[in-house]
Amino acid sequence: EVPPLDVPELLAVLVRQSGPFLDQFGIRRNLCDKIVENLCSKRKNQLVLRSLVAGEPPAVDPDKISDELDLRIASVLQSTGHCSERGGSWTDFMKPDVTDGKRHVAIVTTASLPWMTGTAVNPLFRAAYLAKSAKQKVTLLVPWLCRSDQELVYPNNLTFGSPEEQENYIRNWLEESVGFKADFRISFYPGKFSRERRSIIPAGDTSQFIPSKNADIAILEEPEHLNWYHHGKRWTDKFNHVVGIVHTNYLEYIKREKNGALQAFFVKHINNLVTRAHCHRVLRLSAATQDMPKSVICNVHGVNPKFLKIGEKVAAERELGQQAFSKGAYFLGKMVWAKGYKELIDLLAKHKNDLNGFKLDVYGNGEDAHEVQSTAKRLDLNLNFQKGRDHADDSLQGYKVFINPSVSDVLCTATAEALAMGKFVVCADHPSNEFFSSFPNCLTYKTPEDFVAKVKEALANEPQPLTPEQRYNLSWEAATKRFIEYSELDRILNNEYSATTIRKSNGKAIARSVSMPTLSEMVDGGIAFAHYCLTGNEFLRLCTGAIPGTRDYGRQHCKDLHLLPPQVESPIYGW
């Protein structure tokens, strides 16, 4: 009973799907819209004429040409029994579903629990606290690793046989940490672990794992990392508003490698290009990261609520006259040279006599553990090495002073946790510590001699109790508020659409019609197109350090995630 799509309608669909591709050749979206309107108007006139001849009211509203095409496509697809969550490979013409008055926020990150790294933990808390407000629907998209990669990444020999099993683990950990049940969706995309980079690289087009109807607002945790080898839709084409959050100071790590200065030069420019092409807004956690286009600096991270509870417990004990801290100083961090161990050993070796009798307990595991411990022993430093453990462990709560000389961090989570627990923190006067420097218990040093003085000051005094305002500033509630403000999400969530959209009288968002693209838009489009072409060539991918076979996901990911093979999901002609 549903007539098939005729030739003009098929052409209209083709033009709409090819919009981003035609855009690269200077054919703007408003011209494509006019072509679609002309093609569909013939069908509309035919239907109206038939209705009038039959003595019936017009079957088609003349003001809803675009919606009519969507309805026609949907009805034809429904009549065939076909159902698809994802749009085409070129663009998605399905608008986000906001019928219930809620916007959709998709948070995409590069790691997942049980790997206790910042890009696994912080996006999880962000999803929970954004969903807590119930003003928007939230989806957290995390990488799924095959079992062989899980064995390399996850601690304590933890592995999962299915995404559902890992999702249960994540939700249980989160609920235990925050104390409430967070209502958001967790989805998985295929990922592969790179031993050389010690990080997870997406396999295939990550954006396709957000259904078209939910493609509204995207938050890319580590946008440069997600897009180094991204061969798929441009995020800003699929989503109305895209925010990137820079977590890692990659340049600082790369500079420590062989030929580091040259590598850092290329990585710096690649990071700038991919974030510019794929984000509307970029948030840098501190000035320790590289400066990027469209970026602002703001700490949008909080601390796990359990650390604030420990701090409240310590404050209560001190009010009762009890001794809250019975131990001296400690350092906690992954045992790799780049995480502050080089700076720590250099400082203690240079001022061994000035810190006579000073003992430091060091907690951590890592690839450089043997070398770090051997160096400390050779220099006869008074360091007591222990296995790594959770910062909230009972054995660490008695320490009064946390020492962190690292200058490679962007925003050290352990520093925030120590302050939340009411401890002194001795750290470098560095952009990564700027947010913490306003806290009275944070003692920053500029020179090695100043380091000695701050350590002695911390050991000789008692830390001040945190005020309610200081506790709030460390919380995820405050971090979420800062994020919504600095990412301009408040404006978007209040239906004040992004700069690329305007509002029609019926309340719907449409693309802003401009006669000529701006120079910035032309450059961004050109960068995105060039990047798409380069990442599509397997030889060039391998030359730049990509994991073999990550342009598309493989058989094991198809099996684990119940996916169609890439050649079926995205045929070569892209329709």
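Strand β2 (residues 136-144) and strand β3 (residues 185-194) run parallel and are joined by six bridges. The model described here is predicted. Within this pairing, Leu141 has Ser187 of β3 as its bridge partner.

**The sheet**

- Strands β2 and β3 belong to an open sheet of eight strands, in which the pairing is mixed.
- The order of the strands across this sheet is β4-β3-β2-β1-β5-β6-β7-β8.
- At the edges stand β4 (199-202) and β8 (295-297), each of which pairs on one side only.
- From one strand to the next, the twist averages 30°.

**A helix across the sheet**

**Packing of α5 and α7**

- Two packed helices are described by the angle between their axes and the distance between the axes.
- For helix α5 (residues 118-132) and helix α7 (residues 163-178), the axes come within 11 Å and cross at roughly 70°.
- Helices α5 and α7 are therefore roughly perpendicular to each other.
- On the α5 side, the contact is made by Val121, Leu124, Phe125, Ala128 and Tyr129.
- On the α7 side, Ile170, Trp173, Leu174, Ser177 and Val178 make the contact.
- The residues of this contact between α5 and α7 comprise nine nonpolar, one polar and no charged.

Key
Residues are numbered from 1 along each chain as its sequence is written. This is a predicted model: local features need pLDDT of at least 70, side-chain atom pairs count only at pLDDT 80 or more; totals for chains, interfaces and linings use all residues. Side-chain values use heavy atoms; hydrogens and water are left out. Two strands pair if DSSP finds at least two bridges between them. Helices (H or I, at least four residues) and strands (E, at least two) are DSSP runs, numbered from the N terminus. Axes are lines fitted to C-alpha atoms, for helices over the stretch in contact, and angles run from 0 to 180 degrees between N-to-C directions. Angles under 35 degrees count as roughly parallel, over 145 as roughly antiparallel, 65 to 115 as roughly perpendicular and the rest as oblique. Contact means heavy atoms within 4.5 Å. Ala, Val, Leu, Ile, Met, Phe, Trp, Tyr, Cys and Pro count as nonpolar, Asp, Glu, Lys and Arg as charged, and the others, Gly among them, as polar.
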